[in-house]
Protein chains: 2
Amino acid sequence: MLSLENLLVEFDAGRPRGLARAITRAESGDGASLMRSLYARTGRALTIGLTGPPGVGKSTLTSALVKKARSLDKSVGVISVDPSSPFSHGALLGDRIRLTEHFVDPKVFIRSMAARGHLGGVSGATGDAVLLMDAFGLDVIIVETVGVGQSEIEIAELAQSTLVALQPGSGDSIQVLKAGIMEIADIFVVNKADHPMANQLKREIRSMMEILQYGAWVPELAMTQALEGTGIDELWSAIERHRAYLFESGEIVRKRRAAFDHQVRQLALGKLQHRLDAAIAAHPDLSIDPYAASERILAEF
Amino acid sequence: MLSLENLLVEFDAGRPRGLARAITRAESGDGASLMRSLYARTGRALTIGLTGPPGVGKSTLTSALVKKARSLDKSVGVISVDPSSPFSHGALLGDRIRLTEHFVDPKVFIRSMAARGHLGGVSGATGDAVLLMDAFGLDVIIVETVGVGQSEIEIAELAQSTLVALQPGSGDSIQVLKAGIMEIADIFVVNKADHPMANQLKREIRSMMEILQYGAWVPELAMTQALEGTGIDELWSAIERHRAYLFESGEIVRKRRAAFDHQVRQLALGKLQHRLDAAIAAHPDLSIDPYAASERILAEF
């Protein structure tokens with residue numbers, strides 16, 4: 001592995017290789033040393049989370065958003081979080097192909113990351129990657145995650161604006177959506193808006209929104225046909241309106257604090273779980289009940 | 001609230017009201033006092049976990065399994081874990097109606113429980129409810145949970161035999177299944193087996209099974225039409241074969257230990273998270289990076 005000093009030289013020089021190696025270093029568990037040097041530079045980027053069920057066209061949407069950002073001369077980072085199931089790899093690799101048009105653009109940095117663990121959560125390294133891209137100076141960072149496991153909830157903790165993409169006529173009506181996914185949307189995106197059932201989905205989302213208690217920001221609803229680029233300007237405007245809202249209301253401070261707290265919590269929980277699992281494995285006594293066992297283990301902590 | 005002594009008198013007398021109140025007490029956070037008295041009586045019941053996507057007919061399957069168990073003169077407990085999304089309530093209440101035919105049977109005890117928290121996980125109280133039903137002397141305990149959030153992974157930790165129900169032609173092909181759900185199945189159930197695409201789903205499951213590395217137990221695949229009771233005898237036989245395998249191989253010891261460890265872990269983690277959140281909220285200093293912050297907080301723990 002490159003020494004930390006050499007890595008930082010490359011990073012500081014704005015070389016993508018420096019960023020790539022920094023993210024790899026964070027993935028391998030050594031994010032602490034990097035963050036000590038680079039954390040102070042974070043806080044500039046516009047961070048967008050994009051989630052939704054498989055097949056909704058997230059990668060196509062991502063690609064269209066990258067194109068839009070590039071037309072505004074903004075540099076872009078993309079983090080694709082893959083679920084760990086052996087079953088989705090084919091589909092996901094296929095999806096990734098939609099991003100290839102940006103592969104040769106030096107102002108677009110694309111990174112796939114595996115979701116850690118079988119629960120499909122966004123790995124701690126994803127948060128690190130967002131911070132590293134931010135510190136590197138990328139203007140826009142898009143975190144794209146398939147709506148499996150708890151990753152779509154965690155994405156809302158990391159990103160400033162969360163986009164929930166849905167597709168019409170998918171059989172997945174909103175009723176079958178996972179608990180919590182409706183609540184995290186800052187912007188709903190109905191992709192494949194040329195589908196005959198697109199307006200029905202729009203109505204469904206509107207009526208679901210009436211049930212939910214939203215705060216000062218009521219989610220916007222954008223209709224897109226990402227493959228053809230239709231509706232992307234309007235979606236981008238919605239993202240900018242949400243960002244303006246965050247700054248004008250001061251909500252951005254709470255969002256940043258929440259993202260920080262989330263990362264601190266994940267890092268600390270990771271260490272605690274590790275110690276806890278070791279303590280439980282070493283605990284041979286099954287004659288007592290689980291409550292008594294947990295008390296005993298915590299007392300020894 | 002009934003005093004613990006009176007509650008235990010009712011419980012010991014085999015009155016369903018005693019069991020109902022014990023579960024309520026566990027839900028309200030006071031499982032420890034009950035478990036101290038009752039844990040030693042657990043370990044007899046056959047515990048079955050049933051999960052799958054919404055609309056697959058889990059409640060109908062549950063109802064059919066209850067009927068089968070009753071025909072064998074076994075007493076049955078059913079725990080339905082509800083996701084907490086406001087969107088699924090209608091559908092779930094509709095499902096529950098399918099269990100009404102068993103409402104008047106004194107040997108069938110049915111309980112709905114809310115999944116705790118917005119991540120849709122199986123609540124800690126679900127584990128308590130399983131143990132309480134077991135201690136109460138119910139022969140068969142079925143835990144039914146909709147395949148949202150991480151609940152279907154957790155169910156495999158609690159139940160001896162995990163049934164994953166799938167439906168043909170749902171648009172949800174196996175590819176879109178959540179990471180981890182294929183891995184937890186002891187028995188796959190293709191419900192609505194009269195559907196024209198049932199055999200295709202069966203083939204899909206078989207070919208997915210070839211990718212996965214199974215241990216000594218290779219999941220069985222049962223075809224059912226639960227509404228008409230078709231295939232339920234065969235499904236029950238598969239459950240009995242899995243149970244026989246667990247005992248003959250000694251795997252049951254590992255399963256019990258895993259369920260115990262899972263509960264201990266959840267109880268201890270709950271307390272640790274609570275302390276951790278308080279520590280993070282009280283930590284005003286955002287000038288350091290998340291790694292340094294988590295180290296500092298853990299050091300103060």
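Me: Let's start with Ala238(B): is this residue buried or exposed?

Reply: Ala238(B) is buried, because 21 other C-beta atoms lie within 10 Å. Please keep in mind that this is a predicted model, in which local features need pLDDT of at least 70 and side-chain atom pairs count only at pLDDT 80 or more, while totals for chains, interfaces and linings use all residues. Residues are numbered from 1 along each chain as its sequence is written, and chains are lettered from A and ligands numbered from 1 in the order in which they are written.

Me: Where is Ala238(B) placed, and which residues does Ala238(B) touch?

Reply: Look in helix α9 of chain B; helices (H or I, at least four residues) and strands (E, at least two) are DSSP runs, numbered from the N terminus. Two residues are in contact if their C-beta atoms, placed from the backbone, lie within 7 Å. Leaving aside residues up to four places away in sequence, Ala238(B) touches Ile187(B), Glu220(B) and Ala222(B).

Me: Which way do the residues of β6(B) point?

Reply: Ile187(B) and Val189(B) point one way from β6(B), Phe188(B) and Val190(B) point the other way, and all are buried.

Me: How many bridges join β6(B) to β7(B)?

Reply: The rule for pairing is that DSSP finds at least two bridges between two strands. Here 4 bridges join β6 (residues 187-190) to β7 (residues 220-223) of chain B, and the two run parallel. Within this pair, Phe188(B) has Leu221(B) as its bridge partner, and Val190(B) stands opposite Met223(B). Strand β5 (residues 161-166) of chain B also pairs with β6(B) in the parallel sense, over 4 bridges; there, Leu163(B) stands opposite Ile187(B).

Me: Which elements make the β-α-β unit with β6(B), and what is its hand?

Reply: A crossover is right-handed if, with the strands pointing away from the viewer, the path from the first strand over the helix to the second runs clockwise. In chain B, β6(B), helix α8 (residues 198-211) and β7(B) make a right-handed β-α-β unit.

Me: What about Gln213(B): buried or exposed?

Reply: Gln213(B) is found in the loop between α8 and β7 of chain B. Gln213(B) is exposed, because 6 other C-beta atoms lie within 10 Å. The C-alpha atoms of Gln213(B) and Glu183(B) are separated by 8.8 Å, and the two are 30 residues apart along the chain.

Me: At what angle do α9 and α10 of chain B pack?

Reply: Axes are lines fitted to C-alpha atoms, for helices over the stretch in contact, and angles run from 0 to 180 degrees between N-to-C directions. Helix α9 (residues 232-249) and helix α10 (residues 251-281) of chain B pack at about 95°, with their axes 5 Å apart. That makes α9(B) roughly perpendicular to α10(B), since angles of 65 to 115 degrees count as roughly perpendicular, those under 35 as roughly parallel, those over 145 as roughly antiparallel and the rest as oblique. Tyr245(B), Leu246(B), Phe247(B) and Ser249(B) of α9(B) make the contact with Glu251(B), Ile252(B) and Lys255(B) of α10(B).

Me: Which residues are buried in α3(A), and what covers them?

Reply: In helix α3 (residues 31-38) of chain A, the buried residues are Gly31(A), Leu34(A), Met35(A) and Leu38(A). They fall within an arc of 95° seen down the axis of α3(A), so they line one face of the helix; the arc is that of the directions from the helix axis to the C-beta atoms. Their cover includes α2 (16-27) and α6 (124-136) of chain A, together with α11 (290-300) of chain B.

Notes:
Buried ≥ 20, exposed ≤ 12 C-beta atoms within 10 Å, placed from the backbone.
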